Amino acid sequence: MAASERSIDTEVDMSSSSFLQKFRLYETRSNFYMIGRDKNRTFWRVLKLDRTEPTELNFYQDSTAYTEAECFEALRRIHEGNRSSGGLKFVTTCYGIIGFIRFLGPYYMLIITKRRKLGEICGHTVYGVAKSRIVTIPHASVLSNVAYSKDEKRYKRLLCTVDLTKDFFFSYSYHIMHSLQRNLSNNAEGHTYYESMFVWNEYLTRWIRNNAKDCMWTVALVYGFFKQVKLSVSEKNFRVTLIARRSRHYAGTRYLKRGVNEKGRVANDVETEQIVYEEAQDGHPVRISSVVQNRGSIPLFWSQETSRLNIKPDIILSAKDPNFEATRLHFENLARRYGNPIIVLNLIKTREKRPRETILRVEFANAIKFVNKGLSKEERLRPLHWDLHKHSRKKGTNVLAILGRLATYSLNLTGIFYCQLTSDGFQNQNPSTVEKNIGECSTSDLPTKDEIASDSAVGNGNDSKDDRQKEATMLQKGVLRTNCIDCLDRTNVAQYAYGLVAFGRQLHALGLTESTTIDLDNPLAEDLMGIYETMGDTLALQYGGSAAHNKIFCERRGQWKAATQSQELFRTLQRYYSNAYMDAEKQDAINLFLGYFQPQPDKPALWELGSDQHYNAARFLASSVPEISRSTMKRSLSESSILSEGSTVAGGRHGLGEKDEEVKGLSPEISTSKTTMIAGSFSAPPQTLEDIGLDEILENDCFCYDDRHGGDQCSCAAFDMDWVSSSGASCEDESYGRSTVVKSFETIPESTKIESEICVVEPCSGKAKRDEVTVEEETISGIPQGYMRWVMDEEGHFW
């Protein structure tokens, strides 16, 4: 929050203490009065909410900054003036307004009544919601019968199923919805930070922000994961913070939100940031570093029907976007947020006896190839395809070590963020002005490429050069995007491997270690794995309904195999039950909370609209809804609602247009400003695949082939990572499973046959032989024959 937002009419110190952090709510028969004060009790403000209107929301914000005595005198006068109607009554203490919402009758106010401290980032405290409350704004005497109707009560109960005490967090003084690099590189004033894709109460706070012209009374809630731990190395203390920010766009549950929507938003889109900083010492600058990575569903139009009979529903791939426009929009958005290069790590299977994941693997490779044709060499996507499932079952294969080599390659391309801050500067200033405190250094202070290369050996003893490097500011430019099918289990393992490699570089940048690497057997690696495992469980519960499958982590810790299998079986069944029986209501609650569905009188209720998946909803609208209702209803199909032909997208309750900075083309999530000082990674290894043991994939840099777009070979530099762990002198006995592109039944006639050609590379006798395999469409039907087939894959293994 910028200091300009907190300007008041009296002379008040507008430092970090100027944010309202504690509130008391009072009521009379005609009004609510919310009294807010700053952390240091230096000034008080008053907000009045009208309670006489049954369906309207009116408020008055007093611009006066009161002292404590003046505030209590004002409350005393209000009490005396309303004594005849019961006087002024205390309602509750609260710690911020979450927002306002209306269903069919009155407006409601959501407030935080209890908070808990989760950690802090350089003096800025981050809180979690411990308890919340929903307050009806109008007085009971003016409420209409609609307020007590069955539908109104059901909407209210549905909203309350969004548990704000789990995984929602906020900060009064730090823009927790943005990465550290962005907070230090950009000014985010006014309401722009509320319009971030990671602020989940953007819709709920829109009305008061637009009318009050500031964000003094509300808090910006981020949904995901936040954990901070204190560690030490060589008797030096530092803190590690892991933040996962879940996007509110195309948000939902596992089978009801898959793939991409028309605007390029993907399901299960999560930004993960790993922040490391040393303990502040008086009079010394604080060294701080962060690295960001991303996960998200495969950006194609695909889906899976929720089934109570089949624990692994068939994958349905739609052909509605032959030119991959939605895929292109998705990667353009990533480039705006993070810069280039965009490295795409695809972990789905290469071989299956019954094609499921392979359907998407082929089409995703073709999509990347098609998108890259329109990009310059510097902007091209860098895809890496590696079947984690297959290699995790091979004896003697160290999956984390292989993923670590891949992470090294990716970090050489993107770098990490690092800077120095004065300990007083960060704590006492707004994030929008902290950029002035980034370490004082000029481009002449930065090491040259020759100096970095000559200093790449660890422990060279050149203290002056090390000191100069540590003063340099580094920026991350580009991002690693990881996906599997659900972007939960395998993706989390890959993200940990990436975080571990980055962790070594961060500790080296902070001057805490001499080496840029951390061995997997190092206790620090165990500590970091525990944090990522917890994050994986949290994100999996949010999207999939159960904790993550952590077989690789369990094996790494030496857990008993039978215990691991029991745990995996239980979580598979838990996920199945949640997806089949609970996700529909959970999706409705999310759509209601985010404003993607807004109830209207005489229109179908939310629970009457059937499935939320885009293709199901389209089929429902086409066949089950009368023409009159179809033209006026509002329903979440992808990210926003279907509007009637005569309706307009406006502010307030009916406005659902996107208003985030990515759509407007504003500054990216990770700044790539040319004026900011950029340095290479400290002791950075060369940015070549040969030096990290991945050079063999360059000989076979393409496995995708698509007859639909000219039949030419791909020039997208797509690396098939199966070569990383395979021997060039032997052939696998397993033949390539038949793959298929399954058509969407709404978009392709029955008579249409889809063929997809892929190029399979088999490493025989040290030479690469390419066999073109024509794969024809195969109808997927039937139910698994036994109960265990529901839970296990075709070969009797979990995932």
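Which side chain meets that of Glu202 in a salt bridge? The side chain of Arg209 does, at 3.3 Å, N to O.

## Basis of the model

This is a predicted model: local features need pLDDT of at least 70, side-chain atom pairs count only at pLDDT 80 or more, and totals for chains, interfaces and linings use all residues. Residues are numbered from 1 along each chain as its sequence is written, and side-chain values use heavy atoms, with hydrogens and water left out.

## Overall make-up

The chain holds 20 helices and 22 strands. Both are DSSP runs numbered from the N terminus: helices are H or I with at least four residues, strands are E with at least two. Of the 799 residues, 59% count as buried. Buried means under 20% relative accessible area, exposed means over 50%, and partly exposed lies in between (1.4 Å probe, protein chains only).

The accessible surface of the chain comes to about 31400 Å². Carbon and sulfur atoms own 48% of this surface. Areas come from the Shrake-Rupley method with a 1.4 Å probe; for residues, only the protein chains shown count as cover. Among contacts with a separation of 6 or more, 71% join residues 24 or more positions apart. A contact means heavy atoms within 4.5 Å.

## Nonpolar cores

The largest nonpolar core has 77 residues. Such a core is a set of buried Ala, Val, Leu, Ile, Met, Phe, Trp, Tyr and Cys residues joined through side-chain atoms within 4.5 Å. Phe238, Leu300, Leu360, Leu403, Tyr496 and Phe503 have the most contacts inside this core. Helix α12 (residues 489-509) supplies the largest share, 11 residues. Leaving out residues up to four places away in sequence, Phe503 touches Leu231, Phe238, Val240, Gln274, Val276, Ile518, Leu524 and Leu528. A second, separate core has 36 residues, including Leu104, Leu164, Phe597 and Leu606.

In soluble globular proteins, nonpolar side chains tend to be buried together.

Helix α6 (residues 357-372) has 16 residues and reaches 23 Å from its first C-alpha to its last. That is close to the 22 Å expected at 1.5 Å a residue, where the expected span is 1.5 Å times one less than the number of residues. Of the 16 residues of α6, 15 are buried, so the helix is largely enclosed by the rest of the structure.

Helix α4 (residues 202-212) is mostly covered, with 8 of its 11 residues buried. Those buried residues are Glu202, Tyr203, Leu204, Thr205, Arg206, Ile208, Arg209 and Ala212. Their cover includes β3 (44-50), β4 (59-66), β6 (97-102), β7 (107-121) and α16 (583-594). Lys213 follows α4 and has a positive phi, near 65°.

## Salt bridges

The count comes to 25 salt bridges. Each is a side-chain nitrogen of Lys or Arg within 4 Å of a carboxyl oxygen of Asp or Glu. In the opening pair, Glu202 is buried at 3% relative accessibility. Arg209 is buried at 1%.

Lys230 and Glu279 meet through their side chains at 3.8 Å, N to O. Lys230 lies in strand β10 (residues 222-233) and Glu279 in the loop between β12 (270-278) and β13 (285-295), so the pair ties together parts 49 residues apart in sequence. Glu279 is partly exposed, at 23% relative accessibility.

Arg337 and Asp269 form another salt bridge, at 4.0 Å, N to O. Arg337 lies in helix α5 (residues 325-338) and Asp269 in the loop between β11 (236-246) and β12, so this pair ties together parts 68 residues apart in sequence. Arg337 is buried at 0% relative accessibility. Asp269 is buried at 5%.

## Backbone details

The peptide bond from Asn340 to Pro341 is cis, with omega near 5°. Pro341 lies in the loop between α5 and β16 (342-346).

Two residues other than glycine with positive phi are Tyr250, near 50°, and Asp602, near 65°. Tyr250 lies in the loop between β11 and β12 and is buried, at 0% relative accessible area. Asp602 is found in the loop between α16 and α17 (614-623) and is exposed, at 80% relative accessibility.
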